[in-house]
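Trainee: I would like to learn how to read a few features of a structure, starting with aromatic rings. Can we go through them one at a time?

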Amino acid sequence: MADFTAVVIERSYVIRKGWTQILRSFDEIRNIYEFAEIEECLPLLPKYHPDLVLYHSTRIHQEIGSYLSGKEIGKIFWVDISPEEHKKEDVPEWADLSLSPLLPREKIRQTLEQIMHDLGGETDQGTHTELSHREITVLKLISRGLTNKEIADKMFISPHTVITHRKNITRKLGIKTVAGLTVYAILNKLVSLEEIDS
Amino acid sequence: MITGKTKMADLIHLNHKLLPVIGRFGISLGFGDSTVNEICREKGIETAFFLEVVNAFHDPDYYPQENLRQFSLQLIVDYLRNTHRFYLDKKIPEIEEMIEAMIRDCYPGKEHIDLIRVFFGNYREELIAHIEREEKTVFPYALMVEEAFLKGSLTGEQLEQIRNRSMKEYQEEHNDIEEKLYDLKNIIIKYLPQPQDVSGCTHILYELFYLEQDINDHSRIEDKVLAPKVEQMEKVLLEQYPLSDG
Ligand SMILES: [Fe+2]
Ligand SMILES: [Fe+2]
């Protein structure tokens, strides 16, 4: 069983507790740390080694990148939890995914489940060859000829995350090109010929 | 490093993948204790060029000799052109035929299997476009640079060409032409339904492994022998004629 550490950074006490409560319902998550401000949290990241950070950003935070560069903290999955519904297809530069607290609770749970699944998939590299649900979705969209940017917009994830998914798909299947992935998708009935021709 | 004094037999023991390479120079087995120098002289092969090619194949970190006048770029270009012909006229039709046979004998009645035919057809188009670009643009450019370098003079037009599109740009755009072959192998090995006749599939896999490796080595001659030589010549030419259009 996976053993993840999560961090929640959110000013509002009530909303912060809400996120913590959802995270606590996952068996995969062992430790949860809460912060009101990113400044309090950054110096502690190398110590906590989180796998997942949920962050409600209130201003531009280029300093996240410059602060963390060169520090041995491993790969963190950053989730943007700002509630701006009207521009949710814009995943900020620093985030892997946007997840609004205004979404239905069941939808939030599903997304977090998928994140846990993907994080788990990356820990046993090489042996784990089954594609995750998300990777299958990405693969289908690739076969239908969509670009990384289009896939990102459709799935509400960042282009950076699409690239990560593509790398994992290629590693798991041993297929590098779009044409090759398309053949795989058809042989496995993930897409039909008609969908590709259109 | 392989030198003129290396025995040809030792060269093959060192790296048996050099066998098809020496074959392309018209050298066949049975060389006894002869050295590279001796065999090249006997066969009328430019030794410096032969050494450059086998060293580039053998050592991934090999960087060509500084001496630009050792042998003509024309030799490299001819060698590369010959290899292109070998792919287009011999290997590709052979594999196409094998695919037809595989579809017919191993997967009769299986829907979707002609996807493989379409896939390889696309690959063929890609390879043709890649080769065409090299033969129509890159090689003539390389020979033009060498001509100017050897003459020690440069027309305004040639200088313009060097400034507009250097060898470095060609090299950056030089894409991995063997990726689709890698994919095709894995599709056949891992993802096609179980064939009725396994041997038909085995044969085509050998061919794909061979072609992928060969194209890979071919690209290394382009990247490691041809391109660096042209770049060095460009550098000398641009130093000699820094502002002649000013
Ligand atoms: Fe070539
Ligand atoms: Fe090439």
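Mentor: Start in chain B, where Phe120(B) and Tyr123(B) both belong to helix H6 (residues 115-151) and sit three residues apart, about one turn of the helix. Keep in mind that this is a predicted model.

Trainee: How is a pair of rings described?

Mentor: A pair of aromatic rings is described by two quantities, the distance of the centres and the angle of the planes. For Phe120(B) and Tyr123(B) the centres are 5.9 Å apart and the planes are at 40°, so the pair is tilted. Phe120(B) is buried, with a relative accessible area of 1%, and Tyr123(B) is buried with a relative accessible area of 1%.

Trainee: How many aromatic pairs does the structure hold over all chains?

Mentor: There are nine aromatic pairs over all chains. One of them joins Phe25(B) and Tyr79(B), with ring centres 5.5 Å apart and planes at 25°, so this pair is stacked. It links distant parts of the chain: Phe25(B) is in the loop between helix H2 (19-24) and helix H3 (36-43) of chain B, and Tyr79(B) is in helix H5 (residues 73-105) of chain B, 54 residues apart.

Trainee: Are Phe25(B) and Tyr79(B) buried or exposed?

Mentor: Phe25(B) is buried at a relative accessible area of 14%, and Tyr79(B) is buried at 8%. Both belong to one aromatic cluster, which also includes Phe49(B), Phe50(B) and Phe71(B).

Trainee: Which ring has Lys176(A) over its face?

Mentor: That ring is Tyr182(B), with Lys176(A) at 4.1 Å from the ring centre. Within chain A, Arg109(A) lies over the face of Phe26(A), at 4.5 Å from the ring centre.

Trainee: Next, the sides of a helix. Which residues of helix H7 (residues 156-164) of chain B are buried?

Mentor: Gln158(B), Leu159(B) and Ile162(B) are buried in H7 of chain B. Because they cover an arc of only 100° around the axis, they are on the same side of H7(B). The face turned away from that buried side carries the exposed residues Gly156(B) and Glu157(B). Among the elements covering the buried residues of H7(B) are H6 and helix H10 (198-240) of chain B.

Trainee: How do the axes of helix H9 (residues 178-187) of chain A and H6(B) cross?

Mentor: The two axes come within 11 Å and cross at roughly 175°. H9(A) and H6(B) are therefore roughly antiparallel to each other. From H9(A) the contact is made by Ala179(A), Gly180(A), Val183(A), Ile186(A) and Leu187(A), and from H6(B) by Leu115(B), Ile116(B) and Phe119(B).

Trainee: What does the secondary structure of chain B come to?

Mentor: Chain B has ten helices and zero strands. Of its 246 residues, 48% are buried. Among contacts in chain B with a separation of 6 or more, 80% come from residues 24 or more positions apart.

Conventions: Residues are numbered from 1 along each chain as its sequence is written. Chains are lettered from A and ligands numbered from 1 in the order in which they are written. This is a predicted model: local features need pLDDT of at least 70, side-chain atom pairs count only at pLDDT 80 or more; totals for chains, interfaces and linings use all residues. Side-chain values use heavy atoms; hydrogens and water are left out. Rings of Phe, Tyr and Trp (its six-membered ring) pair if their centres lie within 6.5 Å; planes under 30 degrees apart count as stacked, over 60 as edge-to-face and the rest as tilted. Helices (H or I, at least four residues) and strands (E, at least two) are DSSP runs, numbered from the N terminus. Buried means under 20% relative accessible area, exposed over 50%, partly exposed in between (1.4 Å probe, protein chains only). A charge sits over a ring if NZ of Lys or CZ of Arg is within 6 Å of the ring centre and within 35 degrees of the ring normal. The arc is that of the directions from the helix axis to the C-beta atoms. Contact means heavy atoms within 4.5 Å. Axes are lines fitted to C-alpha atoms, for helices over the stretch in contact, and angles run from 0 to 180 degrees between N-to-C directions. Angles under 35 degrees count as roughly parallel, over 145 as roughly antiparallel, 65 to 115 as roughly perpendicular and the rest as oblique.
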